[in-house]
Amino acid sequence: MAIEFRLPEVGENIDQAKIVHLLVAVGDTLQVNQVIMEIETDKASLEIPSEVRGRITSLNVSEGGMVDVGSVVLTVEGDAEESVDTGPADTSTGPALVEIPDSTPTPQPVKTAPVPPVPEKLPSPPIPATNPVVAPPPASPSVRRLARELGVNISQVAGSNPGGRISDSDVKAHAKGLITNGHGPALTGQDAGIEVIPLTQIRRIIAEKMTRSWTTIPHVHQHDQADITQLDTMRRSYNQKLAEDRPRLTVTAVIIRILAMLLKKFPELNSQLDMENKQLFLKKRIHVGVAVDSEHGLMVPVIRDVDRKSILDIVQELDDMARRTRSGKIKPDELKGSTFTLTNLGGIGGVAFNPIINPPEVAILGVARAERSPVYHANGNVEIRLMLPLCLGYDHRIIDGAQGARFTRELAECMGNPLDLMFCI
Amino acid sequence: MSDNNYTQIVVIGAGPGGYTAAFHAANMGLEVTLINDEGQPGGVCLQRGCIPSKALLHIARLINEAREVSEMGITFGKPGINIEKLRGFKDGVIEKLGGGIRQLASARKVNYLHARAEFTCSETLKLTAGRGAENIPKSLHFGHCIIATGSSPIVPGIFNISDERVMDSTGSLELKDIPDKLLVIGGGYIGLEMGTIYQALGSAVSVVEMTPTLLTGVDRDLVKPLQHRINRSFEKIMLETRVVSLKTANNGITALLEDNDQAREETYDRALVSIGRTPNTGRLGLENTNVEIIERGFIKVDERMQTADPSIFAIGDVAGEPMLAHKASKEAKVATESIAGKKTIYDVACVPAVVFTDPEIAWAGLTEDEAAEKGIRVEIGRFPWAASGRAATLARQEGLTKVIADPESGRILGVGMVGVGAGDMIAEGVIALEMAANIEDIAESIHPHPTLSETMMEAAEVCLGHSTHMIPRENR
């Protein structure tokens, strides 16, 4: 009996998903609850467990491809009775499992077994096989208690003893693994006070990248302030003359242009460290990544060769890229290859923050909100100036304090001095 | 009443679930009030269940052994039975253990109140003082409540004929007299245990059971030796037979029995109705709380024993089958530890069950019938006590020990036993299941010789195909 497995509902208003990983192949013997593939929708990524079992005779999807909800993912050869009804079904989700008799030439659904919807917020993947009543995880009561106390789901611990029995050291090793992988104590979605949300691909990448950065790079953060009173006046008067639909000259664009000049002067800040071979790559080209807050999470589109572009080019490109990033139309290639990153949170507010380096880069510039502050001059006069807080995060393995401070100071000086600005722009 | 009538934890019911909960909570430093609707603690288990029945079953065993030992050349005279004194012994046991619980309660500063409790809302109980009880507040506010009110025997209306000779298990344990002819309605463990007691004391015991088997749910090979024995010692075992009605007659209770369309009347001196128990959840004012009642009157609880009302927990018979004291005690610990904020859940591998007949039947974990029903493939090692030296010395070789294991991993999934002392021996099976032991673990552990516990080791060896005292299958 050939049994088709169709992609069940994966969430509200989602009718298509991307296959990130395909974990089975034609000829494999598929078990119920075995994970067939990992898919990603624009809302979430999740694993799709099988509702059927048997030998896979055809596979209609491929890794990286798209799959429609309700379409046939694969067909298995097996006994119809072996397909399991996994519980109370919501018939509104429609049939996902259709049994086709071999003799019928045109596929004719003879029986539909409703399959419960795969919730959008999928809890940890179901644990396959054994009847929980008959055979709970093979661990003694004291080991089960230890697991609960450590927040470890005992059914996910691999036992190292004969018969797969789980020892206290297995539980501890598992807990340690969870912690080093950046997970806290495992919670389960069974607690009514907890909602389970699978990490999106973006979130996972950010999490992994930031963990790697923070745990491997010895960060130093250099704080400074740039007096942008004059710059701001110039910028505003320039913008006033622009037509309504022209992109505005922004502080970010100005900083990018200054960075182009400064990174040439301080090439170590535009480098990449190769610890393994004990060498440093100085990058001749300067590509500045600009952190953009999108509804999918943080994204960093890259403005290439900023040293070869005019400020107006940069303004134009920045506006275009930010817009396409927010609407999800940015191309993957445009999110790669930055040599230095800029993150400007001034639009939101705040006094200061310490940005984390975006590996494999070695430095990042954070910009907070400009505020009017009293500035005391040597002659005793006090002036109210518009001060822009800057923070350079840098890799101390490559860049020393003096160099970091000099870079930041020069940036601030340059922004504060319209003459310097003219030269550099 | 003033607001100082507040307790951190109140436990309703002082049976093996309730008093364990109270003591465990007190051990953890919580302030506990234990409310019981009778003066003495202990619940059904101590007052009119496990303990008195076992006291009497011990006597029954002595009487039977004294008779059977004549086969070995030792003859005792017919036993003289002083029923007042016997009742005194049984009541003395209850008194002693009840006093012990009171002592343990006061040593832990558990506030014991003899009163009936009813919820007025999710945080407050209305109390009605028990007879003779003093200083009982009218109401009590609590942080958390544990309901442990147990269960009562079911006596359907047709058997409720206002004649004290028709008894439930409670009445039968009072031991008013020793009827010449006793009818036991229901072939479950209570009926068979009480039947065993009355048979030994001299009654002609007849058992009537609606279904085709005694002890429904227990593997047949475990029931067989018991059935074989009581077929001889009991007057009559009537399977697939219904009691249509009970009537008061001059010389006893007349039962109208019906099997395969044939009806007949029989008269007995007393009748015992033992067809099941029902949880005591009806008169607690639960409708004033968010506690959810499910089928058969049980309270719905989660794995922490918490009800749908977050401040209220439920344990023991009210929280679902099996209605066994040791399950209640375990649940008591789970509930109190949950309330104390510990990450405890009820995740036991098995709840052992014992039928204290002669021979005893005990099992834990998966049964053979359950495996067949659920299509679970198992390997079974059976060791008949006919091959046990110790059983031979006791002249009780009808027993059987079996282990049920996963054929792939060898992990033990169930253990079943029938024979003298099976109830005590099943604990090894429980440990094996909880520790996720496999067949080899049991077979490789030295069991003391000569004891009945060796049968467990040998059953495991049968599974492995090399029992010392059994001829391997292929050689037979």
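Which residue forms a salt bridge with B:K90? In this predicted model, the partner is B:D91, and the closest N and O atoms of the two residues are 3.4 Å apart. B:K90 sits in helix 4 of chain B, a helix that covers residues 83-107. Once the neighbours within four places in sequence are left aside, B:K90 is in contact with B:P52, B:L56, B:L173 and B:E174.

Is B:D358 buried or exposed? With a relative accessible area of 11%, B:D358 is buried, and B:R396 is buried as well, at 4%. Both residues take part in a network of salt bridges that also links B:E68, B:R229 and B:E398.

A further example is the salt bridge in which the side chains of B:E38 and B:R48 meet, at 3.2 Å from N to O. Here B:E38 lies in the loop between strand 2 (32-36) and helix 2 (43-48) of chain B, whereas B:R48 lies in helix 2 itself, 10 residues away. Both ends are partly exposed: the relative accessible area is 22% for B:E38 and 24% for B:R48. Over all chains, the structure holds 50 salt bridges.

Chain B has 13 helices and 21 strands, and buried residues make up 52% of its 476 residues. Of the contacts in chain B with a separation of 6 or more, 63% are between residues 24 or more positions apart. Chain A contains eight helices and 21 strands, and 43% of its 425 residues are buried. For chain A, 62% of the contacts between residues at least 6 apart in sequence join residues at least 24 apart.

The two chains also meet each other. At their interface, 18 residues of chain A are in contact with 20 residues of chain B. The buried area between them is about 1,500 Å², and carbon and sulfur atoms give 46% of that area. How many salt bridges cross the interface of chain A and chain B? The rule finds five. In one salt bridge between the chains, B:E434 pairs with A:R144, and the closest N and O atoms are 2.6 Å apart. There are also seven residue pairs in polar contact between chain A and chain B, counted where both residues have a pLDDT of 80 or more. The side of chain A that touches chain B consists of eight nonpolar, five polar and five charged residues.

The average pLDDT of chain A is 80, and 80% of the residues score at least 70. Within chain A, confidence is highest in strand 19 (residues 363-367), at a mean of 97, and lowest in strand 9 (residues 95-100), at 38. The pLDDT is below 50 over residues 80-133 of chain A, a stretch with 89 contacts in the model beyond near neighbours in sequence. Where pLDDT is low, the predicted coordinates should not be read in detail.

Conventions:
Residues are numbered from 1 along each chain as its sequence is written. Chains are lettered from A and ligands numbered from 1 in the order in which they are written. Side-chain values use heavy atoms; hydrogens and water are left out. Contact means heavy atoms within 4.5 Å. Buried area is the accessible area (1.4 Å probe) that two parts lose on being put together, summed over both. A salt bridge is a side-chain nitrogen of Lys or Arg within 4 Å of a carboxyl oxygen of Asp or Glu. A polar contact is a pair of N or O atoms within 3.5 Å; within protein, one must be able to donate a hydrogen and the other to accept it, and residues adjacent in sequence count only if both atoms are side-chain atoms. Ala, Val, Leu, Ile, Met, Phe, Trp, Tyr, Cys and Pro count as nonpolar, Asp, Glu, Lys and Arg as charged, and the others, Gly among them, as polar. pLDDT is the predictor's confidence in each residue, from 0 to 100. Helices (H or I, at least four residues) and strands (E, at least two) are DSSP runs, numbered from the N terminus. Buried means under 20% relative accessible area, exposed over 50%, partly exposed in between (1.4 Å probe, protein chains only).
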